[in-house]
Amino acid sequence: MVEANPLKDSFGRKIEYLRLSVTDRCDLRCFYCIPKGFKDFSTPSHWLTFDEIERIIAIFGQLGVSKLRLTGGEPLVRKNLPELVQRLGQLEGIEDLSLSTNATQLGKYAETLRANGVSRINVSLDTLNPERFQHITGGNLSQVLQGLQAAKQAGFHPIKINMVIMKGVNDDEVAAMVDYCAANDFTLRFIETMPMGETGQDASQNYISLQDIKSQLAKQYTLIPTVMGRGAGPARYFQIQGTNLKIGFITPLSQHFCETCNRIRLSVEGTLYLCLGQDDKIELRDVLRQGISDAELRQLILQAIALKPEKHEFNQKPEQVVRIMSMSGG
């Protein structure tokens, strides 16, 4: 049974949101995420199996985690993912099952994912310019836009567009992305670059504070503070007066949100990361394969939560986290 007292870390924060990476691989190559020519991906034998994932998530659900997001890499390149979605969606305690994706595979999977229990999706989309999209990701923009329309038709709502703003790369497309999201009834979220691994540190050269973007938008629109309802993410939301469009700002550097952090991350290899911007972690895969009992696994998870740090140190120690974003699930 789900316990009355949810997980709490040593700073009194309730841990109710788990981001689960089902693969570190991706069919795109965003330059701020995966290094050019990178091939050091985890081998499938090191991945958590569906049975192992289900066992871990079941215990988290019993302990009070109610929100589960599937991430990657690109989660939809994991074989038979809809089967895992169905299994996880039936677990006690899991009330909100969502997915982060680049949308390249949504044309194929949107209907099945919706039918199997995914209710919300976040889509990474940094530009509406086909040539610029190819430069940033190495991929085809039309495939992503088609995937987004398939998601709309499948009934996903809300669909959130995540746009990493980079100075001199795509910061001239803010208004265009606002118009696109307003026209399609998408929620738009701007994200600051983070110094995750070599690629993230390189991309930090293009860093722009979202406080500047917000000021830019405020000159054109009236921004009304609002909330999103379901979800447990770090964005601060505003609604554009006179429209249904909500815009979120995710600001890990210019205005961090660590005091309200309720998230932990589980990598495809079974590493439980307690903070995206720190290396505090605990390994679960090996103990699973060595025959740990559910009671022992539960105790190990409780011990891990006690290790969650108070805050990241992206500003003070930008070189600290050497793993690339796709290794820890975004």
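Buried here means under 20% relative accessible area, with exposed over 50% and partly exposed in between (1.4 Å probe, protein chains only).

## Model and conventions

This is a predicted model, in which local features need pLDDT of at least 70, side-chain atom pairs count only at pLDDT 80 or more, and totals for chains, interfaces and linings use all residues. Residues are numbered from 1 along each chain as its sequence is written, and side-chain values use heavy atoms, leaving out hydrogens and water.

## Helix H1

Helices (H or I, at least four residues) and strands (E, at least two) are DSSP runs, numbered from the N terminus. Helix H1 covers residues 50-63; at 1.5 Å a residue its 14 residues should span 20 Å, and its end C-alpha atoms are 20 Å apart, which agrees. The expected span is 1.5 Å times one less than the number of residues.

Of the 14 residues of H1, 10 are buried. Among them are Phe50, Glu52, Ile53, Phe60 and Leu63. Gly64 follows H1 and has a positive phi, near 120 degrees.

## Ser98 in strand S5

Ser98 lies in strand S5 (residues 96-101). Ser98 counts as buried because its relative accessibility is 2%. Leaving aside residues up to four places away in sequence, Ser98 touches Leu68, Arg69, Leu70, Val118 and Arg120; contact means heavy atoms within 4.5 Å.

## Cysteines

With a disulfide taken as a pair of cysteine sulfur atoms within 2.5 Å, the count is 0. Cys261 is in no disulfide, and the nearest cysteine sulfur, that of Cys275, is 6.6 Å away. Cys275 is in no disulfide either; its nearest cysteine sulfur is that of Cys258, 6.2 Å away.

Cys261 counts as buried because its relative accessibility is 11%. Cys275, at 13%, also counts as buried.
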